[in-house]
Amino acid sequence: MPVSYGSGKRLLVGYSRLCHLLLFSRPLTIQAAAFGIHSSGSSSITTTSKHIAFASHATVHSGITASTALFSTMTSDRHPVTASPILTFGSNVEKLGDEEYAATVLMGKKDMLDKHAAALLRETLGLAMDDNLLERMLNDIDAKSGGSSSTLLAASAGGPTMMHRLTICGLPHHDSRNLSPSSFHAIPALVKSQLIFTNDVSDSIGPYAAAVSKAVPLFSLKTTSSPPSNLRNIGVSFVDAQGSLVTDETQLQAAQVVSESVQLAARLVDMHPEQLTTTQFVKEVQTLLDDKLEHVKMTEITGDDLIQYGGLHAVGRAAEHPPRLVILEYDGRSKSNDKGQSSEHSTVALVGKGIVYDTGGLALKSKDGMSGMKGDMGGAAALLGGFYAACRLKVQRKIVLILCLAENAIGPTAFRNDDILIMYSGKSVEVNNPDAEGRLVLADGVAHATKHIEDLGLVVDMATLTGAQLVATGKTHAGILTNSKEVEEQAVLAGLKSGDYVFPMVYCPELLMDEFKSEVADMKNSVKDRGNAQSSCAGHFVESHLNKGYTGDWLHVDIAGPAWRDGRGTAFGTGFVLSILGVDGW
């Protein structure tokens, strides 16, 4: 689905089948059976097709081209891919004047809908509507829990009368300090096309673009989808606190790039492991560099050349496709500020767990436990998406992305319980669980970063690391662990700002590292007591492999829960990284 983004603190979205209006789509399923009857409820609207295509507005440059390029990298004769949805963002919103318009959806907080809905419907969209009916629809929406209300309107552009579906969706109100007042987490489930008003929490529209894009996955191998000619088009525009469309091209371009990065990360997570091997993952990265990131330097260490990286090499050596350490470097600093900067402008290393499939190794997972393990590279995918957007938006920092790619497979050379691995940090690890492989590859990744990267001020590692994270912080909030109270506070705020929520886990290496005690090595790779803050323990394991001379900050992000939702990748973490990096538009 193409998506086009417009202007401001509030998001405007509508439906049609052509590229000249707000949102473009095929007709929606009608819930109210007759004209003049309106219905209300808490669920989002449904459409006649599961797959949506968004078309860009005239003011959006390169929206469809960019999104299509990101998606086409994985197509092949062997793996035909269903025509993909694309999102584009713009600010051209024309009044109703074409019989192909099917529906319009307005979404926002109740107070903002009450304030601006009438003017937007009549003046911006040209929809004639009875005041009493609009009042009834708005009254059906609860200010605290949100909900939706729908009606059919008779619309005419001087020709035959057509039925136009109007849906008004209210976002829930939250008082919790652990949720954003803008309710970013609620947007993906409601989005088909909509109008979103912010609570004046942020001047940036990037988080809204990310939330919308999470509702529009790219990857599918279904053979029953409509042909490309029948794809719907959806455009997205933003409306500010005064009810005016946002037209700032810088913000709109940021929204477009963020949308592409989110869809990229989610697509990689959704792809099946036969297709997204470690080899193909690198081809994906190379395609991005060739098409969009020509100024990024790429280094790759592969297979037995990783022998000094004892964790990554051991985890991936039994697979058909070899393990890979991929290093991408981007330097957006001005020449006058290359050296001697404060920690605020120092280099940031992003280290992602990229286990393209996790069988559990010789600690073989069950059939139910193994299903879905194609998404065990969610950390690497999210960081790649964030890195891509940060480079495209020309953030003025130096960023190094390290992808630790491997498949934890079974074979004659698989690593075993009782093996002792010599990690890149120089420390020895006794294996007592081959299914605790993610921390092994991350440990080598952070060791590389802290040994080789100059002027390094912050290391962020991200991974679908532990099932225990879901118990600790849930399916909506990722768990974070850091050696810095200041970074912890900044991370929580970055989560609220981006909609990728995070919550601190217990930081106490003095107590928790005892869980890894070994009689024959520096440590084991799995805890002895799974009931003792094991998500924090896993993070501390990674931390213990930071180079001894490293004095900067470290942030561990466990996204095992929020990386997935309803069988799809969420691209969780992409927006969070952009907030951490201070990218414009965030």
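1. Isoleucine 410 sits in the loop between β11 (398-408) and β12. Helices and strands here are DSSP runs, numbered from the N terminus: H or I with at least four residues for helices, E with at least two for strands. Isoleucine 410 is partly exposed, at a relative accessible area of 46%. The classes are buried under 20% relative accessible area, exposed over 50%, and partly exposed in between (1.4 Å probe, protein chains only).

2. Basis of the values. The model is predicted, so local features need pLDDT of at least 70 and side-chain atom pairs count only at pLDDT 80 or more, while totals for chains, interfaces and linings use all residues. Residues are numbered from 1 along each chain as its sequence is written, and side-chain values use heavy atoms, with hydrogens and water left out.

3. Areas come from the Shrake-Rupley method with a 1.4 Å probe; for residues, only the protein chains shown count as cover.

4. Overall picture. The protein chain holds 16 helices and 20 strands. Of its 586 residues, 61% count as buried. The accessible surface comes to about 22,100 Å², and carbon and sulfur atoms own 48% of that. Take contacts (heavy atoms within 4.5 Å) between residues at least 6 apart in sequence: 79% join residues at least 24 apart.

5. Strands pair if DSSP finds at least two bridges between them. β12 and β13 (residues 428-430) run antiparallel and are joined by three bridges. Isoleucine 420 has glutamate 430 in β13 as its bridge partner.

6. Methionine 523. This residue lies in strand β17. Is methionine 523 buried or exposed? Methionine 523 is buried, with a relative accessible area of 4%. Isoleucine 420 is 103 residues away in sequence and 9.5 Å away in space, C-alpha to C-alpha.

7. Salt bridges. The rule is a side-chain nitrogen of Lys or Arg within 4 Å of a carboxyl oxygen of Asp or Glu. By this rule the count is 16. One of them pairs aspartate 270 with arginine 568 (2.8 Å, N to O). That pair links distant parts of the chain: aspartate 270 in helix α6 (residues 249-270) and arginine 568 in strand β20 (residues 568-569), 298 residues apart. Aspartate 270 is buried at 3% relative accessible area, whereas arginine 568 is partly exposed at 21%.

8. Further pairs. Arginine 324 and glutamate 300 meet in a salt bridge (2.3 Å, N to O). Arginine 324 is in strand β9 (residues 324-331) and glutamate 300 in strand β8 (residues 297-302), 24 residues apart. Arginine 324 is buried at 12%; glutamate 300 is partly exposed at 31%. Lysine 365 pairs with aspartate 358, with 3.6 Å between the closest N and O atoms. Aspartate 358 is buried, at 2% relative accessible area. Salt bridges that share partners also join Arg317, Arg416 and Asp419 into one network.
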